[in-house]
Amino acid sequence: MILIIGGSGFIGYNLHHSFLRSKQEVISTYNTKKIEEKNFIHLDINNKNNIKKLIRKLKPKTIIYAAGITDVDLCEKNKKLADKINHIGIKNIVEITKKSKTKIVYISTSAVFDGTKKSYTESDNTNPISYYGKSKLYGEKIVEKSNMPYLIIRTDQPYGWKKNWHHINSVLRILEKLRNGEKQNEIMDWYNTPTYIEDLVINTKKLIDKEAEGIFHLVGTSYTNRYDFGKNVAEIFNFNKRHIKRIYSKQLELPAKRANVKLTSGRKIKNNIIMSNLRDGLKKMKKSMNEEEEFRFRNDLFIEKLNKDTKLKKISKEFYNKSAKHEYSYHFSWLGRPVIQYPQDLIALQEIIWLTKPDLIIETGIARGGSLIFSASILDMIGKGEILGIDVDIRKHNREFIEKHKLFKRITMIEGSSTDKKIVRKVHQFAKGKKNILLLLDSLHTHKHVLKELNSYSDLITKNNYIIVYDTIIEDMPKNAFTDRPWNKKDNPKTAVREFLKKKNKFEIDKKIENKLLITSCPDGFLKKVS
Ligand SMILES: NC(=O)c1ccc[n+]([C@@H]2O[C@H](COP(=O)([O-])OP(=O)(O)OC[C@H]3O[C@@H](n4cnc5c(N)ncnc54)[C@H](OP(=O)(O)O)[C@@H]3O)[C@@H](O)[C@H]2O)c1
């Protein structure tokens, strides 16, 4: 039986399905990204007791360690985290399995080399220059010294189709930009040996099946810079090559150093390992586009066209302005509570909650509580997470309705202004220990208030999570659309977002969401933390 630690990850998940396809018995673990498939179980690699229990129960013949922190800059900034996952995790496994003679397979990286040599085979000396590389090398050394049968698979830039919870890879990042008709900057002075994920998976499986041992370099056969890489992607997927623009790494001021490492293998021929060159790998990827990916691809193209349809955009804007006069958003409810949102925005919120699976949703502005119930219901279906609502005035009857609701178990409410120092402190206190937070700002819509909210709570948001700033639309509506309110054009959530983004705070507007909604209260209000 094969146990994959980090089976929810890009490489682990592809390995899992490759074993399943060949009818081998495989169990895989996830940590934060719950996988709703059989043969997947939860495991935090830092919990030694749980590892022990799991290994005693399953008695795996082979353990593949595909868990890791792959963000090179994050590892440089958070060395403790890099240590915890990239080598203390494997140390825990080795300590527990040492006597059992289980085979350990450790997925490693080209970053264990410094790039001073022209190319590197398995027998070359290591010398990492980034903390990511160092932490992975520590992991390798633990495996090598374990006295257990082992395989260390070093790879580089794996690419291929991914599931929506996986981090993006180089090819998909480029395709996403090109599909949106945008230009993509690619780095001239970074070189890699990009690896088609299917080649990596098939050959790792082959090495495990034939009980091979030691270090193996499993990488594509093309050594290329990112700019040429991008051009090849554009060409093979039939996009305009000229949309790939060259830049140099020094323009990026990144925390971690990258080495240009050409991995080659001295063990490939003997072990019958066949890896594709870049163009063949990309062609295979294009050919293997499955129904689901084709659906996404097609949708992206339609959304791109939709956004060039100026007539439709004009009608959508008109619909918004006219329907707002009839208090359109007040006409809907969710599981019995008035929700006061445009239905499109609820769908967008549902997609974000499902994608990010937050431990905590903070929402300012409770009103009648429908939005709290909405978020709570999605969290309840996911099976984790809480929601914290803040409102300056929680009316008695609203409070009673919310407290009586079946989903109240996931809800906490705080009364007070979301910008009051005491409330901000309370919220931070409540958020302590919660890693994954989504922030919804829907209280007082003045520039000053929203900006203060953004400045008070945005630091709680981690990479790839969102802030949704509601009613940014006020800036796009006719002047004095709200005569009885303290906000107006030039003084509203959108102007606050603009000022907030002037600071280098790692948030970007996720245009893709509003591009597909067309009708939304939040244009420029879907903010994603990108690093
Ligand atoms: N991707 C690359 O460019 C690349 C290149 C060369 C080598 N590698 C190596 O290949 C390995 C896998 O890479 P990948 O791209 O598949 O990474 P990935 O998609 O980021 O997956 C990482 C995996 O590690 C798991 N994990 C993180 N913290 C954990 C914890 N505390 N306990 C248990 N599991 C935890 C994640 O679980 P959840 O997501 O469920 O939290 C996920 O399954 C890494 O070790 C990396 O160094 C990757």
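Strands S21 and S22 (residues 526–529) pair in the antiparallel sense, over three bridges. Two strands count as paired if DSSP finds at least two bridges between them. Helices (H or I, at least four residues) and strands (E, at least two) are DSSP runs, numbered from the N terminus. Within this pair, glutamate 508 stands opposite lysine 528 in S22. The structure is a predicted model: local features need pLDDT of at least 70, side-chain atom pairs count only at pLDDT 80 or more, and totals for chains, interfaces and linings use all residues. Residues are numbered from 1 along each chain as its sequence is written.

S21 and S22 belong to an open sheet of seven strands, in the order S18-S17-S16-S19-S20-S22-S21. The pairing in this sheet is mixed. Its edge strands are S18 (411–415) and S21 (507–509), and each pairs on one side only. Neighbouring strands are turned by 20° against each other on average, direction ignored. Axes here are lines fitted to C-alpha atoms, for helices over the stretch in contact, and angles run from 0 to 180 degrees between N-to-C directions. Helix H13 (residues 370–382) lies across S16 (360–364), S17 (386–391) and S18. H13 runs at about 170° to S17. Contact between two residues requires that their C-beta atoms, placed from the backbone, lie within 7 Å.

Another open sheet of seven strands has the order S3-S2-S1-S4-S5-S6-S11. Its pairing is parallel. S3 (40–42) and S11 (214–217) are the edge strands, each pairing on one side only. The twist averages 20° from one strand to the next. Strands S1 (residues 2–5) and S2 (residues 26–30) pair in the parallel sense over three bridges. Leucine 3 stands opposite isoleucine 27 in S2. Helix H1 packs on this sheet and touches S1, S2, S4 (62–65) and S5. The direction of H1 makes about 160° with that of S2. Helix H5 (residues 131–144) lies across S5 and S6 (150–155), and runs at about 160° to S5. In general, strands of a sheet pair through backbone hydrogen bonds, either parallel or antiparallel.

H1 also packs against a helix. The axes of H1 and H7 (residues 197–209) come within 9 Å and cross at roughly 55°. That angle makes H1 oblique to H7. Angles under 35 degrees count as roughly parallel, over 145 as roughly antiparallel, 65 to 115 as roughly perpendicular and the rest as oblique. H1 passes H7 in a right-handed crossing. A crossing is right-handed if the near helix is turned clockwise from the far one by less than a right angle, and left-handed if anticlockwise. On the H1 side, Ile11, Asn14, Leu15, Ser18 and Phe19 take part. They meet Ile197, Leu200, Val201, Ile202, Thr204 and Lys205 in H7. By class, this contact of H1 with H7 has seven nonpolar, three polar and one charged residues. Ala, Val, Leu, Ile, Met, Phe, Trp, Tyr, Cys and Pro count as nonpolar, Asp, Glu, Lys and Arg as charged, and the others, Gly among them, as polar.

The ligand is surrounded by 28 residues, and the closest are Gly9, Asn31, Thr32, Ile45 and Gly68. A residue is near a molecule or strand if its C-beta atom, placed from the backbone, lies within 6 Å of it. H1 (10–21) and S5 (103–109) are the elements that give two or more residues to this shell. H1 gives the most, with three residues. The shell divides into 10 nonpolar, 14 polar and four charged residues.

Two further helix pairs were examined. H2 (residues 48–58) and H4 (residues 79–97) pack at an angle of about 45°, with their axes 10 Å apart. H2 is therefore oblique to H4. H2 passes H4 in a right-handed crossing. Lys48, Ile51, Lys52 and Ile55 of H2 make the contact with Asn92, Ile93, Ile96 and Thr97 of H4. The residues of this contact divide into four nonpolar, two polar and two charged.

H8 (residues 226–236) and H9 (residues 278–287) pack at about 40°, with their axes 10 Å apart. These two helices are therefore oblique to each other. The crossing of H8 past H9 is right-handed. Phe229, Asn232, Val233 and Ile236 in H8 meet Leu278, Arg279, Leu282, Lys283 and Lys286 in H9. Five residues of the contact are nonpolar, one is polar and three are charged.
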